[in-house]
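Dear colleague,

Please read them with the model open beside you.

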Amino acid sequence: MKKPSRKPRIIFRYYGLTAVIAFGLGCGATWFLVKRSAHQERAFVSAGESEPPLDTSLSPAQTAVASGNWYYDRKNWPRAIEAYEKAIALGADNSDVRTDLGNAYRFSDRAQKALEQYEIAQKQNPQHENSLFNQGGLYAFSLNQPEKALEIWREYLARFPQSPNAPKTRELISEAEAPQSGQRSEVARWLKNRTQPTPTPSVR
């Protein structure tokens, strides 16, 4: 029987402008988080469980990925990192797992480790949108390099012009290049409303 897995998704989070990045990004600051991994095996669990359940139908590598996803959804970043690293060591080394590992590092305030994982994901699969897109947010709001963020977002549009996220990326770039004060833009409101959407099951 095929296992359910999550469709890829991107999660956006809006934050107010801070002085740290005001020189480069006058737009409302955005916290990006990659849409979660496609084609990853996942155990569906009840909210009251403190540990991921054991699914004996999964391989050790798949079990580690499922555990990583379980901890990730609960924002237990240290345990998610541990599980994803174990999954990689067991052979589940792909761009989705690397990107989720990068996200967990990012939310643990380990920006350089996050960047390392995003870059590995891109080398593994240059067509992996999420790892490239998240680099932009990382450069803008964790590494405080807004010009590099703009470079990454422009590259993203050049490589993935038909992406569903392309229109919003263009708006972000436009805001960053010509910031407006005193009024939130449509994209800022959209970003604020894009916090933690429900994962959508899909079948491989």
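Helix α2 passes helix α3 in a left-handed crossing, meaning that the near helix is turned anticlockwise from the far one by less than a right angle. This is a predicted model, in which local features need pLDDT of at least 70 and side-chain atom pairs count only at pLDDT 80 or more, while totals for chains, interfaces and linings use all residues. Residues are numbered from 1 along each chain as its sequence is written, and side-chain values use heavy atoms, with hydrogens and water left out.

The axes of α2 (residues 77-89) and α3 (residues 95-106), which are lines fitted to C-alpha atoms over the stretch in contact, come within 9 Å and cross at roughly 155°, so the two helices are roughly antiparallel to each other (an angle over 145 degrees between N-to-C directions, on a scale from 0 to 180). Where they are in contact (heavy atoms within 4.5 Å), residues including Trp77, Ile81 and Tyr84 in α2 meet residues including Val97, Leu101 and Tyr105 in α3.

Helices α4 and α5 pack at an angle of about 155°, with their axes 9 Å apart, and their crossing is left-handed. Among the residues that meet there are Ala114, Leu115 and Tyr118 in α4 and Leu138 in α5.

Leu138 and Trp153 have the most contacts inside the largest nonpolar core, which has 38 residues; such a core is a set of buried (under 20% relative accessible area, 1.4 Å probe, protein chains only) Ala, Val, Leu, Ile, Met, Phe, Trp, Tyr and Cys residues joined through side-chain atoms within 4.5 Å.

Best wishes

Key:
Helix = DSSP H or I, 4+ residues; strand = E, 2+ residues; numbered from the N terminus. Parallel < 35°, antiparallel > 145°, perpendicular 65-115°, else oblique. Buried < 20%, exposed > 50% of the residue type's maximum accessible area, 1.4 Å probe, protein only.
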